[in-house]
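Please look over the sequence and the model below before reading on. The paragraphs that follow go from the chain as a whole to individual helices, loops and side chains.

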Amino acid sequence: MNFKNILNNPIFKILKESVAEIGLKSYIVGGYVRDLIIKNSNKKDIDIVVVGSGIELAKKVKKKLNNTNKIQIFKSYGTAMLKWNDVTMEFVGSRKESYSDSSRNPKISFGTLQEDLLRRDFTINTMAISLNEENYGNLIDPFKGVLDLKNQIIKTPLDPLKTFSDDPLRMLRAIRFCNQLNFKIEANSLKAITQNSDRISIITNERIVDELNKILECKKPSTGFIILEKTGLLKKIIPELSNLKGVDEIEGKTHKENFFHTLEVVDNISRHTDNLWLKWAALLHDIGKPLTKKFNKKVGWTFHGHESVGAKMVYQIFKRLKMPLNDKMKYVQRLVFMSSRPIILSENEVTDAAVRRLVFDSGELLEDLICLCEADITTKNPKRFLQYHENFKIIREKINIVEERDRIRNFQPPISGKKIMAYFGIEPCDKVGIIKETIKEAILEGEISNKYSDALTLMKKKGLEMGLKPNENKL
Ligand code: ATP
Ligand code: MG
């Protein structure tokens with residue numbers, strides 16, 4: 001197989017010339033080759049193996065491109081990274097790796113191309129395309145990667161038990177590729193993942209989260225999460241999710257199976273958004289259920305307060321996985337905390353007041369919250385399914401009407417505390433707060449409109465009720 005005519009990006013001409021000038025054998029490897037064969041030529045990161053060191057080639061390419069970007073060099077690995085427009089090139093010296101039981105990190109030494117390809121994780125990632133003059137564009141495929149690509153199989157080139165034990169991150173990569181490409185993991189490799197699942201504990205959380213994020217970014221993340229669960233990996237990474245599994249039954253009453261429900265919600269939301277954090281919120285929205293589950297003879301199973309328990313768990317999970325504890329985490333927390341609010345609305349008749357309250361409480365999050373709640377509709381009862389969706393349409397319409405009329409979303413009290421104090425001639429005290437709260441409540445309930453004149457009338461009335469008198473000096 002030759003790819004001479006398919007290497008369209010102008011960068012390849014430069015690469016070819018540079019390789020000829022420095023005289024070191026070089027090859028495109030890994031994901032770029034894999035994606036080229038499955039006709040996905042959108043990939044913007046190109047991995048290049050140089051038999052020798054990658055640094056010299058990177059410097060040559062930079063010069064030819066008149067590239068002003070800095071080369072990032074990792075001397076001890078003979079590795080260099082260069083960015084050009086939206087393309088990232090990584091130049092790596094060919095190497096072989098030997099792992100020992102005593103150290104987490106492999107011993108790395110110079111290796112031939114064949115040895116370099118052999119150390120790679122999956123056969124579909126072991127192919128190389130020559131950048132050398134004598135066979136430019138030729139595919140080198142010593143481990144039958146093309147065949148496995150054709151058969152849509154993810155399989156390690158060496159013994160899978162050893163491959164996964166050597167670098168347990170590969171287990172997550174296998175599952176991620178399976179999900180991204182919609183391939184199957186070969187039976188022996190899958191078995192080896194289960195057998196090695198304990199080993200995931202030696203991998204840093206940052207690398208684990210990178211892979212989880214890539215799974216969440218797939219079209220149908222449930223595929224990945226189901227394999228994570230079946231192989232025992234999920235229990236090690238996010239046991240709170242595994243705990244959602246199963247259905248209890250007392251007196252013939254059962255509750256929803258929350259693990260598969262959760263995955264369905266994640267799949268649903270993935271059809272509507274690329275927002276990774278909204279997907280995290282979907283993944284964790286029911287996380288508080290096992291801890292709050294109770295059986296009540298009259299009403300059956302309840303999960304009271306699971307949203308606030310869940311929101312606290314979001315923090316613990318993010319912290320444990322060394323994920324950022326910033327506004328992204330707070331966003332996920334707030335969505336989990338509010339995740340039942342619109343649902344309750346959708347199950348009943350939707351009143352204006354309830355919509356106003358939702359708009360007020362959710363603020364900026366409103367759109368994403370409703371998107372989450374629509375994704376949360378997984379009932380298999382077609383009548384209810386339609387009804388809930390229909391109600392969300394009504395909610396959306398009412399939000400628009402209410403918003404236009406009452407401007408609730410960025411609610412500013414129409415009368416300030418200062419004004420109240422001045423009018424009644426009082427110092428800061430709880431009465432000011434009570435009047436403000438009364439005005440806000442009346443607006444949200446729809447008893448008065450969000451206008452200064454209406455609020456002023458109510459302020460006077462409430463003040464009188466509380467025994468306050470207008471300050472004569474101010475009148
Ligand atoms: P993508 O960029 O789409 O995630 P990729 O295959 O290019 O996919 P990279 O992480 O960029 O993945 O790695 C480049 C290549 O390096 C892979 O194709 C694979 O051959 C090899 N590789 C990466 N990580 C490992 C690993 N943990 N063990 C063995 N080989 C690996
Ligand atoms: Mg890559």
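What percentage of the 475 residues of the chain count as buried? The share is 49% of the 475 residues, where buried means under 20% relative accessible area, exposed means over 50%, and partly exposed covers what lies in between, with a 1.4 Å probe and protein chains only. This is a predicted model, in which local features need pLDDT of at least 70 and side-chain atom pairs count only at pLDDT 80 or more, while totals for chains, interfaces and linings use all residues. Residues are numbered from 1 along each chain as its sequence is written, chains are lettered from A and ligands numbered from 1 in the order in which they are written, and side-chain values use heavy atoms, with hydrogens and water left out.

The chain contains 24 helices and 15 strands; these are DSSP runs numbered from the N terminus, helices being H or I runs of at least four residues and strands being E runs of at least two. Its C-alpha trace spans about 95 × 65 × 45 Å along the principal axes. The radius of gyration of the chain is 30 Å, whereas a compact globule of 475 residues would have one near 23 Å; the radius is taken over C-alpha atoms, and the globule rule is 2.2 Å times the number of residues to the power 0.38. Of the contacts between residues at least 6 apart in sequence, 66% join residues at least 24 apart, a contact being heavy atoms within 4.5 Å.

The chain exposes about 24400 Å², of which carbon and sulfur atoms supply 51%; accessible areas come from the Shrake-Rupley method with a 1.4 Å probe, and for residues only the protein chains shown count as cover. There are 79 positive and 61 negative side chains, and the centres of the two sets lie 2 Å apart. In that count Lys and Arg are positive and Asp and Glu negative, with His and the chain ends not counted, and the place of each charge is taken as NZ of Lys, CZ of Arg, CG of Asp or CD of Glu.

Individual residues can now be located within this outline. S26 belongs to strand β1, residues 26-29, and it counts as buried because its relative accessibility is 0%. A polar atom of the S26 side chain lies 3.0 Å from the backbone oxygen of L24, which falls under the definition of a polar contact as a pair of N or O atoms within 3.5 Å, where within protein one must be able to donate a hydrogen and the other to accept it, and residues adjacent in sequence count only if both atoms are side-chain atoms. Beyond its neighbours within four places in sequence, S26 is in contact with residues including V19, I48, L57 and I129.

N196, in helix α8 (residues 187-196), is likewise buried, at a relative accessible area of 8%.

L212 lies in helix α9, residues 205-216, and is buried, with a relative accessible area of 1%. Not counting residues up to four places away in sequence, L212 touches F225, L228, I237, I238 and W280. In helix α10 (residues 222-230), the buried residues include F225 and L228, and after α10 comes G232, whose phi is positive, near 90°.

Positive phi values also occur elsewhere. Most residues other than glycine have a negative phi. K144, although not a glycine, has a positive phi of about 60°; it sits in the loop between β9 (139-140) and α5 (145-150) and is exposed, with a relative accessible area of 56%. Q152, also not a glycine, has a positive phi of about 55° and lies in the loop between α5 and β10 (153-154), where it is partly exposed at 39% relative accessible area.

Further along, M459 is placed in helix α24, residues 452-465, and counts as buried because its relative accessibility is 0%. Leaving out residues up to four places away in sequence, M459 touches I415, I420, Y423, F424, I435 and I439. M459 and I37 are 422 residues apart in sequence and 72 Å apart in space, C-alpha to C-alpha.
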